[in-house]
Amino acid sequence: MDTTIWVGQAIDLGPLLPHYLSELIAGAVLLLILYVIMRKAVVPAFEKMYEERSSKIEGGMQRAAVAEAKAEAALAQYQDQLSEAREEAAKIREDAKNQSAQILAEARDRAAKESDRILESGRQQLAAERTQLVVELRGEVGGIATSLAGKIVGESLDDDARALRTVDRFLAELEQAGQTR
Amino acid sequence: MTIGLVPLESGGYSPPGTHDFEFGSIWPGVFPDWVNKPLVQALIAFALVALVWYLASRKLKVQPTKRQFAFEYLYEFVRNGIARDILQSEYRRFLPYLLALFFFLLINNWFGQFFLFMFPTFSNIGYAYAFAIMSWFVYVGAGVAKFGFGRFMKQSLIPEGVPGYLLPIVIPLEFLATFITRPVTLALRLFANLFAGHLVVLVFIVGGGFLVTYQDNLFYNFAGGASFIFGLIVMLLELFLGALQAYIFTVLTAQYVSTSIAEAH
């Protein structure tokens, strides 16, 4: 193999020896320039875009979180209101029950009083009528007795039959008088 | 610029060898000898990578177009797949170097299978040396910048928990491993893969060409055709190997940087 091209080498490195120094320099310089281009232009542009993208996504997520929080708050409020309304309804029902019981009791009370009053007044009227009757009767009985006595005295007292007729007549008169009244 | 087919002109057959990796001036008499095919390839690859990435990095949108999506994929391959994976939180500072390294290597390696070029630039070992030296400066520089020279040397040369009487042996070994072996293996691995790969392709193509044109021997002609086909298959393999070597070089550089800047355990 023709490797004598490497003149003046103590050890023949073969293809491991660069042919020209320019290879080393060109490789290093080109890589360096590429590095600078990547660092100044390419990487910042890409990273900036990635940042924008992630911030946009994060912004969207934040907005979604805010919306969710709002919805949850609305739901909680709604449920609060609902439970409040339920409580109120229960209270109203309770009140109504109580009130109705009270009203019933009052009505019963009033009815009892009224009936008492009616009974009382009936009783009083009866009593008054009775006393009036008694007074009337007393007067009448006195009169009747007086007239009976007069009549008995007016007729002959020895005639028993006549006396008996007189008494019967009187009683019939009395009966008639009672019927006509 | 012509490779391999020269032996046919003289009638005999001389197998491809290291002389196929040596190039003179692309324009003898006008340019000096060192302005050769590999240099031109390196320049073209450089221009290609720089231009394409510069264009790709302009007008990036939050909602990517198809073209931008493809470049984002390539960018993230190095950014997430290599840099962030290995260097974690400190990847951002080394990302530009790793990007430049990977894509410059990739394009140059693939030149071995592309029309017009048909030669992998890094099978000229000077370029591999240059890249290894650059990576050496990057990972040593990263360590020195972070810890200062003294502490960095102490961290790289004295592993934790080594008993004192072993230090005379360990320190030279660690020095060799960290500061000598690493760049040498980086350069040789890259160079040898591409050199050998290209040589294999040359053997199949040049040998095949010789056999196909051999007169009055049908068996040789058929064998030459088979050799051509096999050469094409090897070239496909080389396409894969070129990408793989670019990836390995980049990953190892990142790995070395990561060991340099790692806090003591």
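What percentage of the 181 residues of chain A count as buried? The figure is 7%. The model is predicted.

**Chain A overall**

Chain A has two helices and zero strands. Its radius of gyration is 68 Å, well over the 16 Å that the globule rule gives for 181 residues, so chain A is more spread out than a compact globule. The box tells its own story. Taken along the principal axes, the C-alpha atoms of chain A fill roughly 210 × 30 × 25 Å.

| Property of chain A | Value |
|---|---|
| Radius of gyration | 68 Å |
| Box of the C-alpha atoms | roughly 210 × 30 × 25 Å |

**One residue in helix α1**

Helix α1 of chain A covers residues 21–154, and A:Gln81 is found in it. Is A:Gln81 buried or exposed? A:Gln81 counts as exposed, because it has 10 C-beta neighbours inside 10 Å and the cut-off for exposed is 12 or fewer. A:Asp95 is 14 residues apart from A:Gln81 along the chain. The C-alpha atoms of these two residues are separated by 20 Å.

**A helix pair in chain B**

Two packed helices are described by the angle between their axes and the distance between the axes. In chain B, take helix α7 (residues 167–212) and helix α8 (residues 218–261). Their axes come within 7 Å. They cross at roughly 170°. The cut-off for roughly antiparallel is over 145 degrees, and α7(B) and α8(B) are therefore roughly antiparallel to each other. Which kinds of residues make up the contact of α7(B) with α8(B)? The contact has 20 nonpolar residues, twelve polar and three charged.

How values were computed:
Residues are numbered from 1 along each chain as its sequence is written. Chains are lettered from A and ligands numbered from 1 in the order in which they are written. This is a predicted model: local features need pLDDT of at least 70, side-chain atom pairs count only at pLDDT 80 or more; totals for chains, interfaces and linings use all residues. Helices (H or I, at least four residues) and strands (E, at least two) are DSSP runs, numbered from the N terminus. A residue is buried if 20 or more other C-beta atoms lie within 10 Å of its own, exposed if 12 or fewer, and partly exposed in between; C-beta atoms are placed from the backbone. The radius of gyration is taken over C-alpha atoms; the globule rule is 2.2 Å times the number of residues to the power 0.38. Axes are lines fitted to C-alpha atoms, for helices over the stretch in contact, and angles run from 0 to 180 degrees between N-to-C directions. Angles under 35 degrees count as roughly parallel, over 145 as roughly antiparallel, 65 to 115 as roughly perpendicular and the rest as oblique. Ala, Val, Leu, Ile, Met, Phe, Trp, Tyr, Cys and Pro count as nonpolar, Asp, Glu, Lys and Arg as charged, and the others, Gly among them, as polar.
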